[in-house]
Structure formats: C-alpha cells, structure tokens
Amino acid sequence: MSQQQQRHGPTGIDDPIIEMRDASVTFDMARGSSRVLDNVDLDIAREEVIGIVGESGSGKTMFASAILDSVDDPGYLEGEVTYHPEDGEPVDILSLTHEELKALRWKEIAFVVQGAQSGFNPTMKIGDHFIETLRTHDADIQEGMERARQLLEDVYLEPKQILESYAHQLSGGQKQRALIALGLILEPDVLVMDEPTAALDLLMQRSIVSLLAELKEEYSLTIVFITHDLALVTDLADRIAVMYGFDVVEIGPSEELLSSSGHPYTRKLLNTVPNIGQGTAEMDIIEGSAPDPVNVPSGCTFYPRCPLADEQCEQVDPPLDPVGDDHFAACHYPDAAKEAIPLAHLEADE
Amino acid sequence: MSQQLTEQSDDEPVIAMNDVTVRFEDERFFGLAGKDSVNAVDGVSLEIEQNDVVALVGESGCGKTTLGKTAIGLQRPTDGSVEFRGQDIWDAKERDQLLSLSRRSEGDIPFSEMRKSLQIIHQDPASSLNANYTVENELEQPLKKWQSDLSRSDRRARIRGLLEYVGMTPAEDYAQRYPHQLSGGEQQRVALIRSLLMNPSLILADEAISALDVSLRVEVMDLMLDLQDRFNTSYLFISHDLANAWYLAKNAGGRIGIMYLGELVEIGSVDEIVNNPQHPYTKALLWATPDISSSDVGDPPIRDIDIPDPSDPPSGCRFHTRCPEAREVCRTDSPPIYDVSDNHQASCFRTTETHEYWNSQPLPDEQ
C-alpha cells in the first residue's frame with residue numbers, strides 16, 4: 001500500500017485540497033459486477049482548475065460523485081477521499097454521516113450540474129432557491145442575499161429580474177449561470193462542475209468558461225471541470241486528467257498534455273477533434289469501442305484499441321508513470337506512442 | 001423518364017430558395033387576445049448545387065433547422081419560393097394532389113419524385129429507426145418501394161454490400177440486429193444508408209453527429225464525405241458547432257453559412273469564413289470555437305452574452321445589441337447582403353468602405 005502510494009504519488013501536488021486514493025465504485029448487476037470507477041488515485045491542488053476529460057462511459061461522472069461520496073445506490077464506493085480545509089484537520093469523507101456530508105456540501109464543496117437537468121425546482125422562484133439554501137445551512141439570509149445579488153451580477157445576470165423568475169422563464173445559458181451563482185452562495189472552496197456547459201451553444205459555453213476564469217480569481221476557487229470536450233477546457237484548466245476505461249490514464253499541466261501527451265488514447269483523442277486553426281483537415285479515428293464495465297480488459301484498458309499494444313499491454317496494467325514535469329501517463333510505451341501517433345495540431349503549426 | 005429529367009435539368013441548382021420567410025404564429029386565447037408571431041426564417045435566399053455541401057451554423061433558435069426543412073420541402077414557407085431543379089416544390093405538390101396527372105406537362109417533375117430526392121437524417125438516429133425492424137427490414141423498405149424490380153436476393157445482396165461498405169462487418173450479423181443492439185454511430189450509419197437508398201439529390205443532416213461521442217464524429221463525417229462521392233449527392237449540414245461544419249465543408253470544398261435570429265448573415269467558402277470573416281457575429285463564433293493550439297480564452301467579443309427574444313428581434317441589424325462594433329446606424333437600418341468577393345457575402349455595413357456607418361456614433365455601452 002505504502003509503496004503504491006509512493007508510486008502513484010500525489011502526482012506532483014504539494015498542497016492538495018482533495019486527495020483520492022484507490023477509489024472504486026461498483027454496481028452489482030445480474031450479469032456480473034460492474035466497476036465504473038477503478039482504483040482512481042488523484043490529487044486536486046488548492047486553487048487549481050483541473051479538467052477531467054473523458055468520453056461517455058469513461059467514469060468521469062462517477063469520479064465527481066465519489067468526491068462527495070454521493071454515489072447512488074446500489075453502487076458502492078471504496079477507497080479513501082480526504083478533504084483538506086484551508087485551516088483545520090483533514091476530513092475523511094467516506095466516514096462522514098449523512099448530516100455531516102450535507103454540511104460539507106455547499107459550504108466547502110459545491111456541485112454544479114447541467115442546467116438542462118433538474119437544477120431548479122420548477123415551482124419555486126430562483127430567489128427562493130437561494131433563500132432555501134441559506135436557511136438549510138443556518139446562514140444569515142439578508143447577508144446571503146446581498147452576496148446572491150453580487151454573484152448574479154458577476155455572471156452577467158440582472159439580479160432583480162432573475163431572483164423573481166421561475167426556471168422556465170430563463171434561457172439555458174441564463175439557467176446555467178444562475179446555477180453557478182447558486183453554487184457559490186455559501187462561499188465554498190471547491191466547485192465541482194459536471195458537464196456544466198454541454199447543453200449550451202458554443203458561444204455561451206465559451207462565455208461561461210471565460211466567466212469561470214474570472215470567478216476563480218475573484219473567489220479563490222478550486223474548480224473541477226468535468227467534460228467530454230477536451231478543446232473546451234484547455235484554456236481554463238491548469239491541469240488536465242484524461243479518463244478512459246474508468247480510470248485516469250494521463251494527467252499533467254494542460255499545455256504539456258496537449259503538446260507532448262504520453263498516452264496513445266490522449267494522442268488519438270486530440271487528433272479526432274477538428275481544429276480550425278489547422279491547415280489540413282486530416283483526422284484520426286479510434287477503432288473499436290469503449291470497454292464494458294462488466295468486462296474490463298485485463299492489463300491496459302486501452303489495449304484492444306491501441307495501435308501499439310503487445311503482450312505486455314494485454315497482461316500488465318500500466319501504472320501512472322512520470323513522462324515529464326508533473327506529467328504522468330499510464331502507458332508502457334509513452335515514447336513509442338509519441339513516435340507512432342504524431343499530433344495533428346502541432347504538425348500544422350510548423 | 002426520371003433519369004432523363006435529371007439530365008435535362010442539370011444546369012439548375014438542386015434547390016433554390018428565394019427570399020424565403022417562415023412565420024410561426026401562436027394564438028393567445030384562441031386568437032381572441034391576438035397572436036404572437038415569430039419569423040423563424042426571415043428573407044433568406046440560398047442555392048444548393050448538384051454535389052454541393054453547405055454547412056449552416058448558428059445558435060439554438062436561429063432558424064437553421066427551419067431553413068433546412070424548408071429546403072427539403074418539409075416546411076412550407078410563408079413567403080418566398082423553393083425550387084427543385086427549377087420547379088416550384090409547393091406548386092408541384094398542389095398540382096399532383098389534384099390527382100389530375102393530365103395537368104402535369106412534359107418535363108414537369110412529379111412531387112413524389114422531389115420528395116424522394118430530398119432526404120433527412122436526424123440528430124437522434126434511434127428515434128428515426130423502427131425499433132421492431134432488423135437492420136435488413138429497415139433497409140428493405142425503400143428498396144421495395146422505389147426499386148420494386150429487384151428480387152429479394154438482389155435486395156439483400158445490395159444491403160449486405162452497403163453494410164460492408166460502411167464498415168459494419170460481418171454484414172450478415174449486422175443485418176439481423178435490431179436498433180438497440182447497435183451503437184449510436186452504427187445507428188447513424190444505418191439511417192444514412194437508408195436515406196441514400198433513395199438516390200437522393202440532397203440530404204439534410206440536422207445535427208446528425210451532435211449526439212455522438214467526440215471520437216466518433218469525425219468517423220461519421222468521413223463516411224458522409226465518402227458516400228457523397230459515391231452517390232453524387234449534396235448535403236445541407238446543420239450544426240451548432242463551427243469546427244464540425246468546417247471539417248465537413250472543407251473536405252467537400254463546400255460553403256459555410258452563418259445564421260442569426262432567422263437571417264443568413266454571412267456565407268462563403270470555408271477559407272473565406274475562417275480566414276476572412278466579415279460579420280462580427282461570425283468572428284464571435286470563431287472565438288467561441290475551442291482550438292487546442294491556442295491558449296487564451298480572453299473576454300467574449302460580444303457586448304451581451306444572451307440572445308434576444310426571437311419573437312421580438314432588435315430593430316435595424318439584429319445583432320446590434322450584442323455587436324462590439326455596433327453604431328447608431330445599426331440600430332435603425334437593416335444591412336442588406338453585400339458581396340465581399342465572388343464566393344462570399346455578408347450582411348454588415350462594415351463591408352462597404354463608403355457606408356455612412358463609418359460616420360455614425362458608436363453605441364453607448366448601456367442598452
């Protein structure tokens with residue numbers, strides 16, 4: 001265990017706000033047990049923006065749920081998740097009672113879901129959501145609503161009008177921004193966002209990303225931005241973690257990860273995104289399909305689709321090994337991968 | 001007969017929309033309290049040639065789907081006309097509905113022929129495939145209807161051949177599957193084959209790849225391009241994502257059209273739109289399109305990040321409320337479509353150096 005700790009290491013992080021060790025989520029299903037998060041080790045640094053990128057079925061949403069032990073039954077979470085408040089003792093999240101978790105949520109770690117989903121109660125005014133959240137956490141309502149108005153202005157909304165509206169009266173982009181403001185109402189340190197912009201138009205998506213960069217500075221936030229869209233998060237994120245087959249396969253500083261990714265999946269994923277800045281329009285494809293959680297391949301989860309796979313990949317699950325400064329990839333052959341899969345977006349620059 | 005017709009009318013564009021407006025009306029209290037009306041499409045002209053690709057890009061509610069449906073005769077325009085190879089679609093429909101085939105003169109294209117030539121693939125392939133049909137049953141339908149001279153074994157051979165062609169092998173196995181046994185990308189391929197079996201002149205692909213995983217999108221677009229060559233068809237590709245529109249149109253040598261609040265505000269070759277955008281809205285969309293080789297988000301190049309209510313569009317240029325370049329004249333005057341170059345038009349005063357815009361006062365920041 002201690003050896004493993006060291007090997008995976010805190011992936012280059014000195015002052016983590018959240019530490020996740022060996023986190024696994026399992027569902028028992030009729031056709032076998034389904035592992036939708038597989039021994040994830042990940043540290044999130046204080047006041048960083050970390051992008052968690054993965055396609056559907058990669059485990060990225062389970063990762064979000066694991067941070068606050070909010071995995072839905074019958075799934076169960078094992079491992080360790082530790083929250084380090086700025087001052088005070090570390091909190092072992094998995095040992096908290098339901099009540100203690102509730103207190104931690106919103107005040108310390110806030111979640112923002114996709115606005116198109118059930119973010120707001122359709123029968124309540126937006127303002128009532130703010131009041132209710134403040135009341136539930138015994139916060140000063142008047143002071144809190146002052147803050148609410150400021151936060152709404154921060155996200156380019158007209159506070160008076162928005163607080164008096166019902167969710168259906170707002171556009172998707174307005175709803176999503178109101179949800180971000182609501183997430184920040186109790187001054188959390190960490191904001192976890194699961195596909196916060198997926199249902200929105202590009203112009204709104206990108207505007208929200210630009211907004212988050214401002215909010216992060218203003219409120220000293222740590223942001224966990226979970227998305228399927230690698231290109232969207234690159235400007236905002238300090239670090240990016242790529243998930244594939246229910247585990248992190250590569251993690252590193254954004255620019256480094258984009259320019260010298262060590263994992264074949266990351267490299268192929270980058271090559272499947274059309275990139276307007278690129279002169280030529282040659283794109284790569286990834287053959288095959290993502291692994292089935294009931295029947296995860298032994299060894300490296302990517303080997304059935306990987307052009308470089310050999311016997312070792314089939315048998316031995318590669319650990320996250322350093323491939324650069326603060327940059328780790330779970331691949332047996334990171335150098336060969338760089339050789340074999342040139343990055344289209346770099347070629348075009350030359 | 002139809003073969004002959006197609007050859008005769010090769011000079012005409014497959015589809016020509018002339019000054020098309022589509023108005024939707026919503027009656028309040030059964031019309032007693034008046035009507036709300038929205039011009040989902042407002043005065044758009046667009047021609048699509050044989051073997052052409054046009055990608056329409058815009059935010060939700062900009063009218064791109066309505067314009068697409070109008071192009072393939074699924075939506076009747078309130079004003080303006082839609083012509084299929086030079087013949088008005090809605091006139092043809094009325095004429096043929098009267099059942100008096102004698103009214104059809106030599107050279108008239110039957111409405112059923114137009115319908116068959118104009119196909120659509122949707123965003124959600126699962127809902128466009130019959131859940132109770134196997135892939136083979138699904139694909140047999142158009143062949144039975146339009147190529148009834150094929151024998152059963154010929155039909156099957158043709159279907160197997162196409163499945164193999166789109167990479168769904170073993171075809172024997174795929175032919176017997178039901179839609180729920182296919183992945184999203186495979187479902188979309190079946191939908192694509194089904195529409196191609198009609199030998200269409202134009203396929204409307206309405207957000208056809210948006211629901212697919214990122215790594216699958218390029219694969220399906222590549223297939224569309226490949227099939228376009230093989231079947232000599234045109235695409236009207238609708239997307240909210242400029243990067244995908246760029247990829248498809250670039251590889252097909254097509255055009256990109258940008259829509260905003262019911263209007264086509266800019267259209268041109270892919271290189272013109274990307275490297276020489278004229279409309280500030282096009283520039284904003286380019287800013288919004290993430291690029292992994294750039295590194296800074298920066299502030300949005302728009303003054304207001306929310307879209308105005310489409311049922312009450314702003315006066316003058318509809319983009320003036322968000323446009324960073326807007327001046328007084330933009331509030332009052334609606335810009336016509338200006339020619340920027342041969343294959344590039346934009347609806348912005350800034351494209352003409354002599355316009356009074358340049359002497360007009362910038363709009364104050366406060367609305």
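First, the conventions. This is a predicted model, in which local features need pLDDT of at least 70 and side-chain atom pairs count only at pLDDT 80 or more, while totals for chains, interfaces and linings use all residues. Residues are numbered from 1 along each chain as its sequence is written, chains are lettered from A and ligands numbered from 1 in the order in which they are written, and side-chain values use heavy atoms, with hydrogens and water left out.

Chain A, then. It has 14 helices and 12 strands; these are DSSP runs numbered from the N terminus, with helices being H or I of at least four residues and strands being E of at least two. The radius of gyration of chain A is 21 Å, close to the 20 Å that the globule rule gives for 350 residues, so chain A is as compact as a globular protein of that length. That radius is taken over C-alpha atoms, and the rule is 2.2 Å times the number of residues to the power 0.38. Along the principal axes, the C-alpha atoms of chain A fill a box of roughly 65 × 50 × 40 Å.

Of the 350 residues in chain A, 57% count as buried. Buried means under 20% relative accessible area, exposed means over 50%, and partly exposed is in between, with a 1.4 Å probe and protein chains only. Taking contacts in chain A between residues at least 6 apart in sequence, 65% join residues at least 24 apart; a contact means heavy atoms within 4.5 Å. The accessible surface of chain A is about 14600 Å², and 45% of that belongs to carbon and sulfur atoms. Areas come from the Shrake-Rupley method with a 1.4 Å probe, and for residues only the protein chains shown count as cover.

On charge, chain A carries 23 positive and 64 negative side chains, with the centres of the two sets 6 Å apart. Lys and Arg count as positive, Asp and Glu as negative, and His and the chain ends are not counted. The place of a charge is NZ of Lys, CZ of Arg, CG of Asp or CD of Glu.

Now chain B. Here too there are 14 helices and 12 strands. For 367 residues a compact globule would have a radius of gyration near 21 Å, and the 22 Å of chain B agrees with that. The C-alpha box is roughly 75 × 55 × 50 Å along the principal axes. In chain B, 54% of the 367 residues count as buried, and 63% of contacts between residues at least 6 apart join residues at least 24 apart. Chain B exposes about 16300 Å², with 43% supplied by carbon and sulfur atoms. Its 34 positive and 61 negative charges have mean positions 7 Å apart.

Next, salt bridges. How many does the structure hold over all chains? The total is 34, a salt bridge being a side-chain nitrogen of Lys or Arg within 4 Å of a carboxyl oxygen of Asp or Glu.

In chain A, the side chains of A:Arg239 and A:Glu48 meet in one, at 2.8 Å from N to O. A:Arg239 lies in strand 9 (residues 239-244) and A:Glu48 in the loop between strand 2 (32-45) and strand 3 (49-53), so the pair ties together parts that are 191 residues apart in sequence. A:Arg239 is buried at 6%, and A:Glu48 is buried at 6%.

In chain B, B:Lys250 pairs with B:Asp271, the closest N and O atoms being 3.5 Å apart. This pair links helix 11 (residues 242-252) with helix 12 (residues 270-275), 21 residues apart. B:Lys250 is partly exposed at 29%, as is B:Asp271 at 42%. There is also a salt-bridge network in chain B, made up of B:Glu136, B:Glu140, B:Arg155, B:Arg156, B:Arg160 and B:Glu172.

Last, the two single residues. Is A:Thr272 buried or exposed? At 0% relative accessibility, A:Thr272 counts as buried. A:Thr272 sits in the loop between helix 11 (264-271) and helix 12 (311-315) of chain A. Leaving out residues up to four places away in sequence, A:Thr272 touches residues including A:Met283, A:Ile285, B:Val214 and B:Val218.

B:Arg189 is in helix 9 (residues 184-196) of chain B and is buried at 12%. With the same exclusion, B:Arg189 touches B:Val166, B:Met168, B:Leu216, B:Glu219 and B:Leu223.
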